[in-house]
Amino acid sequence: MVEVASSLMDLLGPEKVSFVEDDLATHAVDALRSNRGYPHTGTVVPQPVAVVRPSSADEVARVVKFASAHGASIVPYGGGTGLMGGAIPLRPSIVVDLGNMNRITSMSRDDRTATVGAGVVLADLERELNRHGLILGHDPWSLPIATVGGAISTDGLGYRAYKYGSMGDQVLGLTVVLADGRILKTRAVPRHSTGVDMNRLFIGGEGCFGVITEATLRVFPQPEERRLLSYTFPNFETGFEAIMDIFQTGLSPAMLEFGEGGPASSAEQTTLYLAYEGVREEVASQAQRTAAMFDGYSATSLADGEAEEFWETRHRVAERFKRGRVMKLGDSLAATPSERYFDYIHVALPASKVLQYRLACMDITSRYGLDTVDYGLWCQPELFSTVVVKASLAGTADAEAISRAVDEMLRLVHELGGSMEYCHGVGVRLAHLMEEEHGEVGIDLLRSLKKALDPQDILNPGKLGL
Ligand SMILES: Cc1cc2nc3c(=O)[nH]c(=O)nc-3n(C[C@H](O)[C@H](O)[C@H](O)COP(=O)(O)OP(=O)(O)OC[C@H]3O[C@@H](n4cnc5c(N)ncnc54)[C@H](O)[C@@H]3O)c2cc1C
């Protein structure tokens, strides 16, 4: 250990290397908690050996070469908000915290691009873009904490994804340190027809194929107008039909959040929040058309200000997470939780299968003695989510029941032609289902790519089912 410490310090300078227990503890976990019911609950033992904070691609390359020479692993760490355990070091690892690479290198209104370090926090980028009349298309709940590199590596989805796409869709070019220490810089252009898109190897790659150090992103003009709408529906099915109508008519909401549960004051409500944004005339006509269409679905418009409040407070959950994240190494993942076990799924399905799937979820969870709560749609009708809980606090048997029920629900998604996760990645939580997700040939291809690019398996081993 002493040898590793002094070598890393020689490579980067002592101020960029830490072995302090608190530092190791905060870099041992992300947002995957011990009260999530999944197959390895309580058995994952994080093994951070050191935390390094490089400030250039060159320094990252030095660390990667060092790890390769000493048989250590590399785990890239952004904001640590990943919900699947993607940033948990499963083997003795050097955790590469990209937090020092937080410079906005350039921003252009004419080109509608921003070039930024991988460690830039999304909210900081959004604020800076806003000062120049621009916005980032990616607006997740976790905006105040998540980083550009982490969001690209999980191909996250935000509130405005239907209009602007996922985080991966914003990527024009990347700088990436590969497992052998070479630095790849892809051409930052909106389109090319010069072979496969190499950016895509790293989008959703969870750091398994390289460490992203910089990204050039597509950014958008600040919308001239934003109109926020909120409605309640008599039940999920009617709301779903109304949403289908929106999309079949060709309307294009920037934001859509639909769910059973709704505002705390009306727990049983099925509520829809919508935002249209863009040029004034387009926004007005889309909002008008929506209101007219919804008359036919027994929709009730919520009180003035309710949609605005939803919009203004949409990142509050991340602030709560930030306040509550202080935890100690060891008792964060292995300990029996003091809260109820739960898990959630975020699946992509053909729209025509969503209602049938929702009923099947109720059936599966009741067979396991569990409850499903908070059914929802996000961004578009194909993106469905639900939370599985055990109403009472009964211990690890619940974790097993939740894990088995969720696996059954995810396998049903596969049968129905969908994908088991649409925005949070795979990490350790879903690794065991990757073969079923991609099929024998698909997973074999991914593993061959991994082997070709990282033959020693030093980049975030154990993730993505590779
Ligand atoms: C309260 C809360 C709300 C959330 N809301 C949303 C939401 O609305 N939408 C959504 O999509 N997700 C959401 N998430 C999940 C999470 O915020 C996203 O997955 C986010 O994109 C992760 O970013 P991060 O910087 O925190 O990454 P981390 O958690 O640090 O890392 C995520 C993965 O990416 C890898 N990685 C990190 N940086 C790099 C890099 N530079 N190069 C290569 N690999 C890297 C890590 O090794 C890990 O595998 C939420 C999470 C929380 C806790």
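Domain bounds here come from an automatic or database domain assignment. On that basis, the C-alpha centres of domain 2 and domain 3 lie 30 Å apart. The model is predicted: local features need pLDDT of at least 70, side-chain atom pairs count only at pLDDT 80 or more, and totals for chains, interfaces and linings use all residues. Residues are numbered from 1 along each chain as its sequence is written.

**Domains**
- The protein chain is assigned domain 1 (2–100), domain 2 (104–221), domain 3 (225–302) and domain 4 (340–433).
- Four residues of domain 2 and five residues of domain 3 make the contact between them, a contact being two C-beta atoms, placed from the backbone, within 7 Å.

**Ligand surroundings**
- There are 40 residues around the ligand, and Gly78, Gly86, Gly149, Gly150 and Gly156 come nearest; a residue is near if its C-beta atom, placed from the backbone, lies within 6 Å.
- Strand E3 (73–77), helix H5 (148–154), strand E10 (211–218) and helix H10 (316–323) each give two or more residues to this shell; helices (H or I, at least four residues) and strands (E, at least two) are DSSP runs, numbered from the N terminus.
- H5 gives the most, with five residues.

**Nonpolar core**
- The largest nonpolar core has 128 residues, and Ile74, Ile94 and Val96 have the most contacts inside it.
- Such a core is a set of buried Ala, Val, Leu, Ile, Met, Phe, Trp, Tyr and Cys residues joined through C-beta atoms within 7 Å, where buried means 20 or more other C-beta atoms within 10 Å.
- Helix H12 (residues 396–415) supplies the largest share of this core, eight residues.

Definitions and conventions:
Buried ≥ 20, exposed ≤ 12 C-beta atoms within 10 Å, placed from the backbone.
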